[in-house]
Amino acid sequence: MHPTHLQQPIHAAILTVSDTRTKAEDLAGQRIHSLLLEATFEVVDYQITRDEPLDISEHIHTWCNHANINAIIVTGGTGFTPRDQTYDTILPLFEKEMMGFGELFRTLSYEEIGPKAMFSRATAGSRHQTAIYVLPGSTNAVTLAMTKLILPTIQHFVGELNRL
């Protein structure tokens, strides 16, 4: 890892995509929030939005253009139901996709839940020097992604996106 990336400050936004959850019921979003704070990263914004492409993309566009946000973590809407639109909405917004993120996430998930892991469309990528992660809405999936993949590498990711 580039040595300066270890000190990279992380200013994150959290987006929960759900047609039914409130912040009080949003265990996955709350888990992301608490894990970011435990890692001494700043949470700049935390919102819940309906599983509607325009609502999702509006948050991503706004946060990618916000000078004080360099990471976005989205949870929910990554499955195969007709209402699951997060992946399909965010994927075209990426300037670059981190292919290995989804692959590793599904591999680690497989070890926990078996072949149902292949139904996850978790992914990560970047837009405007902002790291974006797209996770399932389950608290277990969020905990796995945060502890095994995101927290150990997010400073490196953001550092690389801002390297000249």
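Thr16 stands opposite Thr75 in S3, one of the strands of the predicted model described here. Residues are numbered from 1 along each chain as its sequence is written. As this is a predicted model, local features need pLDDT of at least 70 and side-chain atom pairs count only at pLDDT 80 or more, while totals for chains, interfaces and linings use all residues; side-chain values use heavy atoms, without hydrogens and water.

Strand S1 (residues 11-17) and strand S3 (residues 71-75) run parallel and are joined by five bridges. Strands are DSSP runs of E with at least two residues, helices are runs of H or I with at least four, and both are numbered from the N terminus. Two strands pair if DSSP finds at least two bridges between them. Six strands make up an open sheet of mixed pairing, in the order S2-S1-S3-S6-S5-S4. Its edge strands, S2 (42-49) and S4 (96-97), each pair on one side only.

Helix H4 (residues 99-113) packs on this sheet and touches S4, S5 (123-127) and S6 (130-135), where contact means heavy atoms within 4.5 Å. The direction of H4 makes about 30° with that of S6. H5 also packs on the sheet, touching S3, S5 and S6, and its direction makes about 165° with that of S6. Axes are lines fitted to C-alpha atoms, for helices over the stretch in contact, and angles run from 0 to 180 degrees between N-to-C directions.

Now to a pair of helices. The axes of H1 (residues 27-38) and H5 (residues 139-161) come within 8 Å and cross at roughly 25°. H1 and H5 are therefore roughly parallel to each other, a term for angles under 35 degrees. Leu27, Arg31 and Leu35 of H1 are among the residues making the contact, as are Val142 and Met146 of H5.

Technical notes:
Angles under 35 degrees count as roughly parallel, over 145 as roughly antiparallel, 65 to 115 as roughly perpendicular and the rest as oblique.
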